[in-house]
Number of protein chains: 2
Amino acid sequence: MISETVYAELSTVLEGRLTRSKSELNQHGLSETWFPLTPPEVVAYPETTEEVSRLMNICHAHEVPVTAFGAGTSLEGQTLAAKGGLSVDFSRMNRVIRINDADMDAVVQPGITREALNLELRTTGLMFPVDPGANASLGGMAMTRASGTTAVKYGTMKENVIGLEVVLADGTVIHTGSRARKSASGYDLTSLFVGSEGTLGLITEMTVRLHGQPEAISAAVCSFDEITPAVQAVIATIQIGLPMARIEFLDAESVDAVNKYSGAEFPLKPHLFVEFHGSESGVAEQVEMFGEIVHEFGGSDFQWASKAEDRTALWTMRHHAYWACLALRKGAKAVVTDISVPISKLAQAVEDTAADIAASPIDGPILGHVGDGNFHAILLVDPNDPEEIKLAKELAHRMAERALALGGTITGEHGIGMGKKGLMAEEHGAAWGLMGQIKAAMDPKNILNPGKLVP
Amino acid sequence: MISETVYAELSTVLEGRLTRSKSELNQHGLSETWFPLTPPEVVAYPETTEEVSRLMNICHAHEVPVTAFGAGTSLEGQTLAAKGGLSVDFSRMNRVIRINDADMDAVVQPGITREALNLELRTTGLMFPVDPGANASLGGMAMTRASGTTAVKYGTMKENVIGLEVVLADGTVIHTGSRARKSASGYDLTSLFVGSEGTLGLITEMTVRLHGQPEAISAAVCSFDEITPAVQAVIATIQIGLPMARIEFLDAESVDAVNKYSGAEFPLKPHLFVEFHGSESGVAEQVEMFGEIVHEFGGSDFQWASKAEDRTALWTMRHHAYWACLALRKGAKAVVTDISVPISKLAQAVEDTAADIAASPIDGPILGHVGDGNFHAILLVDPNDPEEIKLAKELAHRMAERALALGGTITGEHGIGMGKKGLMAEEHGAAWGLMGQIKAAMDPKNILNPGKLVP
């Protein structure tokens, strides 16, 4: 509970930028998935690192739970105030501090969204490629180790965050990483914070790697009669080392959803959406080789989109696929779940998951970033029907166990939050205990996003 | 001190594979650089994870310091037994456990060297590209976050270790990572251990990423009249995004050393050694573009080596450069030091370092992996002359401070060990304290490589 005294103390730091307004509390207690409303007691909108440090200082002294909030687009309940307390909303810390063209990096505040950053980069010839679909904040993306459609070429947040400014549980401000392209100087604290879901500290500034805007881009769509040959075509493409920038799988049900939602007319069959980035000649070579692979696995209905507007339309459809799937059933919410497996096991993982969903009463389109062996099921449920939620969670649980049995991981990009904590022991065994030890050492009062990720 | 009782207890685990032979102790107390002999009290040669776990169990109970030993090629004293105790030599745990062709990864024991692994991979079409020059063990490379000539294209150990089996301070065995290409499942413990220099646990098994052997390779040597245009050519090459596999700088003194040691006849000027990997057409395109850049910056004496034997000769010369530099002065040892800076600051960092060395009585050839902004000075000293060692260490210290002032790091690849601990506070500030907290939580008795890296 945040007492009146603590509230008054927090107020002195933030003046008018602290609120208990019911609507703002609820907005910060909502999730885009099936989780019930879990509001904080107070929302703060800091504007500087110093303010965040002072907030943490006060919360540490009074043992107030603190949950960071970026754009609220996480999918496993990471931003929900599971133990109440303070939600620190970073939307006012959303500036680009510095773009270093020559070194291809940028220093930004955590509240900036990936679309806003790319808008600022537009004239530099550079881009920030990590693209989870949602217009997430960069701080949130770092904290969930987000990835998305382009990770197959450009890597995830793990590879693209090179330095951080972090406020620790007691308000101490630290800096991790450097702007050099590599370092062997001590523990890799940057990687420790990336993916820690706000349980070890709050990011107040970050240095990210930028990439050159490609000289040439070509995107395409093609369809297959069955899931298996579509996935096998992906595996073959990966294995010959063809450098795709994106390679997305959509099953027939996802395609149906996209058609209905975006007015497209794709045949109701499993599809691949792909994109190549490179030099004119490089892309041409890749396109030709990919065409041969698709042909070999019986793919058809090939459509190339070399014009920018066609590509934008294509990826907008893909990015709206989650909403398109939700729209398949009126009033539905989704238990969205993701796993990632070694490429060689991808066909088996997708097939077994599709069969498991087909045998259940739950509808669940399957789609994903198959170039990373990563795919999602969007399990549609009536949020007021506990039985449906239970069945969907059981499906998600079996999907995660399937990933582990195949040498994979219970989540490729959505993270743990509250949704997957129950699977951590199964994936990590004694290493989960070690995560808990590290958490306890860094946040002994357990005030940073309590109830998430660690034991 | 390892008492007779503890020695007897350790013996029950290892039978004949435990020794106090003077020559073996000394061999494990030697370094390739200037550090004085620092032998352990006992050397153990375990063959299984279980044996390592039992060793740690005993050492934990009796608070015996434990230092891991791979190939002994680290450069900052990482394998020296600073507090005596047990040296765990992994040379008998040197097997390839499994090669997963389809997923392009391999599970290996930590004692295998990179050359031995690549020999086993030769017929698979795959390779393990990380190449620090020395034929280091993979466990040691992971622990120092090694990189070397090919990191500019393939990444360092950070990017190429995807999973670990680790024995913790108390003997607990944990597993980190998975074989999926990405994961958002909890703290990135793999990255925490990579670069931890044996201070947090002992690696007993590791999963590494493999890469396709390139279809075409072309290597070249060219020279410049001055350091600056050579480095500027590298910066330009990086900035247009030309995907070099290797790009190495050697100053005139290094070239002199290589000529004398390897019987080469390069002109006594700053040189770049480069290599491109890719498809036939891709490499041809890259070679042409690189030629244009070199021409633009006034480079000359271009020699291309497309034949395998010429390339091997070239890179053997480069790999022997350290020994070549040592041979410049009879009986010399080296204070070898490395820094890494943002690419845009590379010319300044190299020039200022060269000027600083020129103004001192110490000889110090400069060379390095300039594609990562990373370079070395090999400061030649008489190991029996404390004054020379002091001057060399001061030069190294100023070089590190120069890196920090330019936004870089005190070491790009050699690590901290005992040699650079004194600079950690300067680079990391409060974050170094956090490293100490993590160490204390994971190894409360401070038995794992005590005296290195952390406060």
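Predicted model: local features only at pLDDT ≥ 70, side-chain atom pairs only at ≥ 80, totals over all residues.
Start with opposite charges. Side chains of opposite charge can pair when their charged atoms come close. Over all chains, the structure holds 46 salt bridges.

Glu394(A) forms a salt bridge with Lys390(A), and their closest N and O atoms are 3.3 Å apart. The two residues are four apart in helix H15 of chain A, so about one helical turn separates them. Glu394(A) is partly exposed, at 31% relative accessibility. Lys390(A) is partly exposed too, at 45%.

Now look at a bridge between two helices. Arg398(B) pairs with Asp356(B), with 2.9 Å between the closest N and O atoms. Arg398(B) sits in helix H15 of chain B and Asp356(B) in helix H14 of chain B, so the pair ties together parts that are 42 residues apart in sequence. Arg398(B) is partly exposed, at 35%. Asp356(B) is buried, at 16%.

A further bridge joins Asp443(B) and Lys439(B), at 2.7 Å from N to O. Both of these residues are buried. Salt bridges can also form a network: one links Arg114(A), Glu115(A), Asp131(A), Arg246(A) and Glu275(A).

Next, the surface. A negative patch includes Glu280(A), Glu296(A), Glu280(B) and Glu296(B). Helix H11 of chain A and helix H11 of chain B each give two or more residues to this patch. Glu296(B) lies in helix H11 of chain B and is exposed, with a relative accessible area of 61%.

Last, the cysteines. The whole structure has zero disulfides. For Cys325(B), the nearest cysteine sulfur belongs to Cys222(B), 19 Å away. A disulfide needs two cysteine sulfur atoms within 2.5 Å. Cys325(B) is buried, at 1% relative accessible area.

How values were computed. Residues numbered from 1 in each chain as written. Chains lettered and ligands numbered in written order. Heavy atoms only, no water. Buried < 20%, exposed > 50% of the residue type's maximum accessible area, 1.4 Å probe, protein only. Patch = residues over 30% accessible without salt bridge, like charges linked within 9 Å, V, L, I, M, F, W, Y side chains within 5 Å. Areas by Shrake-Rupley, 256 points an atom, 1.4 Å probe, with all protein chains shown as cover. Salt bridge = Lys/Arg side-chain N within 4 Å of Asp/Glu carboxyl O. Lys, Arg positive; Asp, Glu negative; His and termini not counted. Charge placed at Lys NZ, Arg CZ, Asp CG, Glu CD.
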